[in-house]
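User: I am new to this structure and would like to learn how to read its features one at a time. Could you guide me, starting with how helices pack?

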Amino acid sequence: MKKTKASKIALQLSPKAIHFQKYYAEKKKIIDQQISKYSESLRKKASSSQAGYPPKIAQAMTYALTAGGKRLRPILTLMGYDALLHLPLHHLAARPRPQSDASVDQIKQVPAAAKSFRQQVVKIALALEMIHTYSLIHDDLPAMDNDALRRGKPTCHKVFGDAMAILAGDALLTEAFTVLAQCGGGQPATLATLLAETTRAAGIKGMLGGQVLDIQSQDISMLSQLQAMHHMKTGALIRFSLCAPFYHAQLHKTALCQALERYAIALGLLFQITDDILDYTETKENLGKPARSDLRNNKTTYLSFLSVAEAYGHAEKALQQAQASLKKISLNIEASAKTPRGVGIEIGRGSSLSQKTNTAKQHNLAADASVRKMNETLTMFSELAKFVYSRKK
Ligand code: IPE
Ligand code: IPE
Ligand code: MG
Ligand code: MG
Ligand code: MG
């Protein structure tokens, strides 16, 4: 087979890409541990008479959850958390500070608040992977894509039967909300935002709505319609996964979060265009799911309109859009770091000039360190987009 641009990129790993692999693996470990812990407790409770639920449902849920997978969505949540954590405070200070900024100061500076916020973010990540896994169980059902393999294993309905697989999907979706309900940090407004935004991403205006369009995809006659479907069925959950920590901190209206949303929207499109391509070009052994499922199901995909090379061209455009959003963030953060600082820093009335100068210097040093950390995080986002472009499964 002719070598595609993507496979060439994969062969030449840059130091940044190697660093990214390590970064991704560390995040994946956190998610996999969280999933094992959750699954273990579900299974353990199932065997006790007080569990309140039938053991079978726990088996079917945990079968799908622990089968593997890239864990892209929950990893994005942890990456969103990194961006939030490294958000330079001087950058926030460059605009009128709403009340909610107080929570960022706490997350950054008060150890107990930081710990509890991080624990909640990891739980949100778990909930989002539960929702994603539910969508895969249902997507594979005979009434949908009728696929027999997922994450390298027989699909949930092949092992547990159609009825139990439908219920396992329903269970993962509803139980995800039980997990989310623990993530409000005692703030009703935060919890309400989290629940509403998760529903928006996963529901009829997001992933589920996109799946409806997918089922009717024979009606799609233009690439722009297909793109709109991809934004819904795949992009919506990816966008929210990344931005969830900002919603949690009530910082979703910041310019930074909005720019990250634009990155995530481009990433979601890139992800589904390449999924369409891989369905056609890769083997089932490599994919861990059946190859050419879309052809068999007569689905409208990017390859219904374009050749593989042309579809990669569209993927590359989405990749560039994602990179452009990151570049903007980086320029913005650096520009705000250059604005005169030391203004508005609280120094006691009696401070001498040298004390004032020292405090200003310390603030500037801290700001420079934040900018550096933020740029490192943005590099990981950039490497993630390249990984999505060149992945093989
Ligand atoms: C598959 O998602 C469904 C799509 C939206 C294309 P992933 O490719 O992320 O599946 P896993 O989680 O790695 O198995
Ligand atoms: C599914 O798209 C998107 C979901 C929301 C589950 P696909 O049907 O293309 O996903 P795969 O290829 O089966 O993973
Ligand atoms: Mg499908
Ligand atoms: Mg499918
Ligand atoms: Mg697919």
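This is a predicted model: local features need pLDDT of at least 70, side-chain atom pairs count only at pLDDT 80 or more; totals for chains, interfaces and linings use all residues.

User: Which residues of H11 and H12 meet?

Analyst: On the side of H11, the residues are Met207, Gly209, Gly210, Gln211, Leu213 and Asp214, and they meet Met229, Met232, Lys233, Thr234, Ala236 and Leu237 in H12. By class, this contact of H11 with H12 divides into six nonpolar, four polar and two charged residues.

User: How should I read the nonpolar core, and which residues touch the most other members?

Analyst: The general idea is that in soluble globular proteins, nonpolar side chains tend to be buried together. In this chain of 393 residues, 39% count as buried, and the largest nonpolar core has 96 residues, among which Ala168, Leu267 and Leu270 touch the most other members. Helix H13, spanning residues 255–281, gives the most to this core, with 13 residues. If you look at Ala168 and leave aside its neighbours within four places in sequence, you will find it in contact with Ile57, Ala60, Met61, Ala64, Ile137, Cys156 and Phe160.

User: Against which helices do the buried residues of H3 pack?

Analyst: In helix H3, residues 55–65, the buried residues include Ala60, Met61 and Ala64, and the buried residues of H3 pack against H2, H7, H8 and H9.

User: Turning to the ligands, which residues surround ligand 2, and which helix supplies the largest share of its shell?

Analyst: Ligand 2 is surrounded by Ser135, Leu136, Asp139, Asp145, Met207, Gln211, Lys233, Thr234, Asp275, Asp279 and Lys289. H7, H11, H12 and H13 each supply at least two residues of this shell, with the largest share, three residues, coming from H7. By class, the shell around ligand 2 has two nonpolar, three polar and six charged residues.

User: What surrounds ligand 1?

Analyst: Around ligand 1 stand Gly69, Lys70, Leu72, Arg151, Thr234, Gln272 and Asp275, a shell that divides into one nonpolar, three polar and three charged residues.

How values were computed: Residues are numbered from 1 along each chain as its sequence is written. Chains are lettered from A and ligands numbered from 1 in the order in which they are written. A residue is buried if 20 or more other C-beta atoms lie within 10 Å of its own, exposed if 12 or fewer, and partly exposed in between; C-beta atoms are placed from the backbone. A nonpolar core is a set of buried Ala, Val, Leu, Ile, Met, Phe, Trp, Tyr and Cys residues joined through C-beta atoms within 7 Å. Helices (H or I, at least four residues) and strands (E, at least two) are DSSP runs, numbered from the N terminus. Two residues are in contact if their C-beta atoms, placed from the backbone, lie within 7 Å. A residue is near a molecule or strand if its C-beta atom, placed from the backbone, lies within 6 Å of it. Ala, Val, Leu, Ile, Met, Phe, Trp, Tyr, Cys and Pro count as nonpolar, Asp, Glu, Lys and Arg as charged, and the others, Gly among them, as polar.
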